[in-house]
Amino acid sequence: MTLAGQGHVAVVDYFKDWELYDVAAVRRLGTTGTATAIAAAVVGERQAWLADSVTTADAARWLEWDRGDLKRVAAEQGIKPGRFGRWARTGIASLAGDEELAERVRREQLLGPDQAAEHMEIRRLDFE
């Protein structure tokens, strides 16, 4: 938790690798103007990131790739997911704007029989 990392709330225990916090300290955060501003800043940063990022599913849909291709190509390009496993919109936009990369990903995709027939613009029966 960001507030614990900043020293505003103490971690008092763990449950299955999840931090447990001092509830009284969390409640005190809302009692002073300074503490309220600290909490508001944390919330504001998270809201900004949520607005400037997309989920893996949304990024894959945007690129018209599957999730595996997204993760593989993003790693090759040095693009990593950030907080909450979300991807920066600017990073995904850079992938979307690279036509040569999109063509390479398209060529590397494996097609099932239905997709192959559609790609070849023939009937599925003719594919057999």
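pLDDT is the predictor's confidence in each residue, on a scale from 0 to 100. This is a predicted model, so to speak of local features takes a pLDDT of at least 70, side-chain atom pairs count only at pLDDT 80 or more, and totals for chains, interfaces and linings use all residues. Residues are numbered from 1 along each chain as its sequence is written, and side-chain values use heavy atoms, with hydrogens and water left out.

**Confidence**
- The chain has a mean pLDDT of 88, with 99% of its residues at 70 or more.

- Helix α5 (residues 67–77) and helix α7 (residues 99–108) have axes that come within 12 Å and cross at roughly 135°.
- That angle makes α5 oblique to α7 (under 35 degrees is roughly parallel, over 145 roughly antiparallel, 65 to 115 roughly perpendicular, and the rest oblique).
- On the α5 side, D69, R72, V73, E76 and Q77 meet L101, R104, V105 and E108 of α7 (contact means heavy atoms within 4.5 Å).
- These contact residues of α5 and α7 split into three nonpolar, one polar and five charged.

**Two positive phi angles**
- K16 sits in the loop between β1 (11–15) and β2 (18–21), and has a positive phi of about 50° although it is not a glycine.
- K16 is exposed, at 65% relative accessible area (buried is under 20%, exposed over 50%, partly exposed in between, with a 1.4 Å probe and protein chains only).
- E121, in the loop between α8 (113–120) and α9 (124–127), isn't a glycine either, yet has a positive phi of about 60°.
- E121 counts as exposed, with 74% relative accessibility.

Methods
Axes fitted to C-alpha atoms, helices over the stretch in contact; angles between N-to-C directions. Helix = DSSP H or I, 4+ residues; strand = E, 2+ residues; numbered from the N terminus. Nonpolar A, V, L, I, M, F, W, Y, C, P; charged D, E, K, R; others polar.
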